[in-house]
Amino acid sequence: MSIMGIGIDYSNICKDYNTSYLDRDNTDPDTKKCMKKVMTWTKEFVSELLEKFEYKLYNLSSTTPVKVDDIASKRFLFYSLEKEITLQSYVIDKEYVEYKSLVAWEAENKNSLLIRNDEDGGSIYFYVDKNPEVREWIEEKLKDFSLDEVVFEAK
């Protein structure tokens with residue numbers, strides 16, 4: 001399978017913050033405002049993706065549906081100097097399929113996407129097959145962003 005990631009750096013969404021990165025525990029008004037803007041953008045983008053393709057969000061190995069607010073949250077999106085960040089991956093698909101690991105998702109994935117956070121809390125990644133309709137839709141929606149093409153690593 002030819003899975004490639006589309007990396008979206010938060011600097012595409014907001015540049016007005018006073019720290020070197022968006023620390024979710026920072027109380028600086030400009031930083032808080034910027035994090036709110038990133039969370040709002042994420043919620044709107046993921047919601048539109050789900051609606052357009054009739055997808056739902058799932059944990060990698062749990063039938064419990066995930067809410068968009070779980071993705072568009074400080075805990076998922078941003079690093080914390082005090083608490084660091086928990087790397088998380090969610091599957092976006094029409095119905096739940098259990099994957100025992102990211103390696104299993106890579107090998108068994110048919111039409112789903114994977115959304116992952118970044119260990120530094122500065123980006124969000126959408127992993128899709130190289131040429132599906134979904135990838136083209138994402139790239140068209142984000143045509144004004146500087147996107148990073150990221151190789152999928154099942155770690």
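Q: What share of the contacts between residues at least 6 apart in sequence join residues at least 24 apart?
A: In this protein it is 68%, with contact meaning heavy atoms within 4.5 Å. The model is predicted, so local features need pLDDT of at least 70 and side-chain atom pairs count only at pLDDT 80 or more, while totals for chains, interfaces and linings use all residues. Residues are numbered from 1 along each chain as its sequence is written, and side-chain values use heavy atoms, with hydrogens and water left out.

Q: OK, how many helices and strands does the protein have?
A: Five helices and seven strands. Those are DSSP runs numbered from the N terminus (helices are H or I with at least four residues, strands are E with at least two). Along the sequence the pattern reads β-α-β-β-α-α-β-α-β-β-α-β.

Q: And what is the radius of gyration of the protein?
A: It is 15 Å, which agrees with the value near 15 Å that a compact globule of 155 residues would have. That radius is taken over C-alpha atoms, and the globule rule is 2.2 Å times the number of residues to the power 0.38. Along the principal axes, the C-alpha atoms fill a box of roughly 45 × 30 × 25 Å.

Q: What percentage of the residues count as buried?
A: 47% of the 155. Buried is under 20% relative accessible area, exposed is over 50%, and partly exposed is in between (1.4 Å probe, protein chains only).

Q: Inside, then: how many residues are in the largest nonpolar core?
A: There are 36, and Phe126 and Ile138 have the most contacts inside it. A nonpolar core here is a set of buried Ala, Val, Leu, Ile, Met, Phe, Trp, Tyr and Cys residues joined through side-chain atoms within 4.5 Å. Elements giving two or more residues to this core include strand E1 (3-9), helix H1 (29-53), strand E6 (123-129) and helix H5 (133-141). H1 gives the most, with 10 residues.

Q: What does Ile138 touch?
A: Leaving aside neighbours within four places in sequence, Ile138 is in contact with Ile6, Phe45, Leu49, Leu113 and Phe126. Apart from that core lies another one of 11 residues, among them Val91, Tyr99, Tyr125 and Phe152.

Q: At what angle do H1 and H5 pack?
A: About 145 degrees, with the axes 12 Å apart. Axes are lines fitted to C-alpha atoms, for helices over the stretch in contact, and angles run from 0 to 180 degrees between N-to-C directions.

Q: Which residues make that contact?
A: H1 brings Phe45, Glu48, Leu49, Lys52 and Phe53, and H5 brings Glu133, Val134, Trp137, Ile138 and Lys141.

Q: New topic: which way does the phi of Glu54 go, positive or negative?
A: Positive, near 55 degrees, in a residue other than glycine. Most residues other than glycine have a negative phi. Glu54 sits in the loop between H1 and strand E2 (56-59), and it is exposed at 61% relative accessible area.

Q: What about the phi of Glu84?
A: Glu84 also has a positive phi, about 60 degrees, though it is not a glycine. Its place is the loop between H3 and E4, where Glu84 counts as partly exposed at 47%.

Q: Last one: is Ser123 buried or exposed?
A: Buried, at 7% relative accessibility. Ser123 belongs to strand E6. Not counting residues up to four places away in sequence, Ser123 touches Ile8, Asp9, Tyr10, Asn117 and Asp118.
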